[in-house]
Amino acid sequence: MNNGWLRANTLHHSAFRDLGRLVAEKERLGLTVSLCIPTLNEQATIGKEVVVFRSELQQRYPLLDEIAVIDSGSTDKTLEVAAGFGADTYLASDILPQMGPKRGKGENLWKAIYQLRGDIIVYIDADIKNIHPRFVYGLVAPLVYRPEVKYVKAFYDRPLASSGGVRPTGGGRVTEILVRPLFSLFFPELSQIIQPLSGEYAVRREVLEVIPFPIGYGVETSHLLDVYTRWGMDAFAQTDLDQRIHFNQPTLNLGRMAFTILQTFLSRAESLGTIAELPDLNRVLRQFQAHDDEYETVEFELTDEERPPMIEVPEYRRMRSSSDVTQPG
Amino acid sequence: MVDSFADILARLPAYAETVRRLDDILLTNLVMVAEIPSPTFGEHQRVQWVLDRFNEYRLEHCSTDEGGNALGILPGRTGERNILVVAHLDTPVDENLDHTVAIEPGLISGVGLADNSLGAAALVTLPLVLSGLGIELDSNLVLMGSTRALGRGDLGGTRFFLNNTDLQVDTGLCLEGVRLGRLSYASIGMLRGVIHYRLPDEYDWTRFGAGGAIVSMNDIISRILEIPLPRRPRTAVVFSSIEGGGPGSKVPTHAELQLEVRSDSGDIVNDLQRRITNIATEVAAFAGGEATFEVIARRRPGGLEFSHPLPERARDILTALDLPARISPSTAELSAFVDREIPALRVGLTSAEYLDEEREQLQIAPIAIGITQVVALLQAIDQGYCRDE
């Protein structure tokens with residue numbers, strides 16, 4: 001594998017800082033862009049995200065046509081705060097209610113395809129402490145400037161100090177221990193995605209509406225596999241957004257995340273014929289806790305349910321029948 | 001175009017309403033600048049950010065000077081006069097602290113917001129505010145994010161600019177985050193210094209009274225406190241920080257005491273400097289140590305009279321905004337203007353809680369009033385209502 005894709009499709013947000021030019025190109029192409037922020041109890045950070053994006057990317061430079069918060073049922077003031085600062089707010093359960101409720105970040109991302117209007121949807125997590133407009137324009141710009149790119153993924157690589165020579169870079173713990181080894185074994189080209197699990201990406205609607213959505217931790221992995229197998233590596237780009245400050249997850253949470261991602265991966269690999277005849281997989285993850293000298297097992301039944309491609313949902317097809325809806329392939 | 005000072009006052013409610021609509025832009029600028037650590041002598045990233053903003057807002061002559069200040073000019077219609085608006089870009093916050101900012105309804109929190117990220121955010125937002133209000137000044141508006149204001153910086157950035165610019169600066173306006181209603185138009189005399197106390201390596205620990213550097217520093221403090229200070233002119237000695245010794249149970253061989261002498265009289269400041277130097281030297285001589293009094297910043301007293309039209313108009317504007325004027329002397333940027341005998345004011349922009357703590361919080365709603373105050377002041381200065389003819 002040569003480094004051709006890595007060189008051509010790995011970008012840095014600073015290349016797109018001329019927002020006037022970016023907006024002019026977006027308008028010339030007649031594109032619309034929607035921002036979706038999926039939330040669950042994010043009142044501490046959501047206000048800042050909305051203020052920063054609204055003022056910089058709507059009021060000053062109209063890159064975003066809408067800013068939407070899609071919430072999984074927060075028990076804090078997430079929706080109230082977001083609405084107070086000017087975001088459109090939705091409860092995921094109120095969107096396509098006839099499809100029944102499911103709870104998970106992927107559910108919110110999937111329902112955004114139905115609810116939001118943009119030709120491009122950019123997803124930004126709500127827990128970013130050092131939010132900056134680059135998180136949006138760094139991901140949207142490659143889609144505006146390069147028609148062949150369909151899916152732009154964020155990565156974060158800003159060392160505190162560098163001698164200018166070779167240094168290691170990559171993703172978080174689950175990426176380096178689980179996802180990159182899996183990709184390297186079965187889909188080597190995909191291992192060039194530096195942070196496959198990052199929660200920030202911008203995607204063309206024509207792609208989003210034809211891929212299925214796991215509703216839990218597996219959504220990013222399944223996206224990469226589905227887009228790759230359908231359009232190849234050239235559909236991807238990745239943008240370095242420098243530094244992302246957020247709350248780190250404890251290791252046990254990462255174990256549950258890895259368990260779900262592994263299920264999604266195996267299921268996709270089987271359906272693609274990469275792995276044949278998997279046995280019925282156990283869906284229970286066992287972790288442990290101790291009370292004084294006693295150890296006990298804590299069991300988690302973890303199954304990543306999946307939503308179908310949005311294009312297969314009749315309500316969506318009806319809603320968009322007057323516009324250019326991609327036919328399911 | 002305004003036709004009287006009363007006309008400016010009459011427009012304040014409408015100004016405040018328009019400024020409030022720009023809250024998001026100001027808050028975003030505040031978030032972005034506040035999250036850039038900017039210790040004194042390490043302001044370069046903030047300077048670059050301010051310059052980027054000035055360029056985006058199409059100011060002219062966007063540049064840095066040799067003092068490291070970020071400068072931009074919003075040209076006036078006639079350009080016959082120059083108003084310099086300054087916000088210092090350095091903060092008293094350790095650069096290793098978490099600088100992320102949080103916003104919740106009505107409040108913004110984070111380190112260094114009041115001193116002086118809000119001033120910097122207001123500075124860069126000012127061109128948009130004036131444009132949003134449809135105000136075009138006759139005077140050139142020179143905007144400067146200054147460096148090296150605090151501590152050992154000793155107003156280095158502003159002093160450099162005022163000492164070296166070719167522009168004739170007619171009036172100065174210094175923006176500070178807090179507090180709304182604060183009004184400074186005069187500078188008190190001030191001397192900021194550090195007493196360094198050290199015992200030599202060959203110190204004889206068996207000599208009578210040997211107690212280590214901290215004990216000696218304690219003696220120095222006690223002796224300074226015995227100096228009789230006059231009630232008029234108002235005078236004070238403020239001990240700012242003390243540190244000394246090290247870990248473990250060793251007798252400390254070094255200590256440092258930072259202090260400030262403040263007085264309405266420059267002669268008294270000079271006299272206190274001499275006395276403190278003598279005390280430190282005397283205590284050190286008796287204890288067998290070495291002491292020096294290093295002066296790291298100095299201000300001379302001066303400024304405008306209470307009745308000068310500039311502070312008078314400023315008070316009128318605060319009154320019209322339903323704000324009591326909190327008049328206090330300043331030892332900040334204003335002093336650099338005082339040294340050059342340039343009329344200047346220092347104003348605050350909002351209210352705050354937990355000042356100088358990691359949980360520092362600013363109130364968002366009053367910021368629009370604070371900015372409105374600045375706009376009205378600029379118009380009043382521009383139209384000549386603040387000149388002492």
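The centres of domain 1 and domain 2 of chain B lie 35 Å apart, taken over C-alpha atoms. This is a predicted model. Domain 1 of chain B is assigned in two pieces, 5-187 and 301-382. Domain 2 of chain B covers 189-299. Where the domains meet, domain 1 of chain B contributes seven residues and domain 2 of chain B eight. On the domain 1 side of chain B, that contact consists of one nonpolar, four polar and two charged residues.

Next, the sheet. Chain B has an open sheet of eight strands, ordered 1-2-6-3-7-16-8-15, and its pairing is mixed. Strand 1 (60-64) and strand 15 (326-327) of chain B are the edges, each pairing on one side only. In general, strands of a sheet pair through backbone hydrogen bonds, in a parallel or an antiparallel sense.

With strand 3 (residues 82-88) of chain B, strand 6 (residues 140-146) runs parallel, joined by seven bridges. Within that pairing, B:I83 stands opposite B:L141, and B:H88 has B:S146 as its bridge partner. With strand 2 (residues 70-74) of chain B, strand 6 pairs antiparallel over five bridges. Here B:L74 has B:L141 as its bridge partner.

How many residues of strand 6 of chain B are buried? Seven of the seven are, so strand 6 of chain B is largely enclosed by the rest of the structure. Both of its faces are covered. On one side B:N140, B:V142, B:M144 and B:S146 are buried; on the other, B:L141, B:L143 and B:G145 are buried.

Helix 8 (residues 309-320) of chain B lies across strand 8 (182-184) and strand 16 (344-350) of chain B. Its direction is at about 175 degrees to strand 8 of chain B. Helix 10 (residues 365-382) of chain B also packs on the sheet, touching strand 3, strand 7 (171-178) and strand 16 of chain B. The direction of helix 10 of chain B makes about 160 degrees with that of strand 16 of chain B.

Helix 10 of chain B has a helical partner too. Its axis and that of helix 4 (residues 113-133) of chain B come within 11 Å and cross at roughly 70 degrees. Angles of 65 to 115 degrees count as roughly perpendicular, so helix 4 of chain B is roughly perpendicular to helix 10 of chain B.

In the contact between the chains, 13 residues of chain B meet 17 residues of chain A. Helix 2 (23-34) and strand 4 (102-104) of chain B each supply at least two residues of the chain B side. Helix 2 of chain B gives the most to that side, with six residues. The side of chain B that touches chain A divides into eight nonpolar, two polar and three charged residues.

How values were computed. Residues numbered from 1 in each chain as written. Chains lettered and ligands numbered in written order. Predicted model: local features only at pLDDT ≥ 70, side-chain atom pairs only at ≥ 80, totals over all residues. Domains from an automatic or database assignment. Contact = placed C-beta atoms within 7 Å. Nonpolar A, V, L, I, M, F, W, Y, C, P; charged D, E, K, R; others polar. Pairing = 2+ DSSP bridges. Helix = DSSP H or I, 4+ residues; strand = E, 2+ residues; numbered from the N terminus. Axes fitted to C-alpha atoms, helices over the stretch in contact; angles between N-to-C directions. Buried ≥ 20, exposed ≤ 12 C-beta atoms within 10 Å, placed from the backbone. Parallel < 35°, antiparallel > 145°, perpendicular 65-115°, else oblique.
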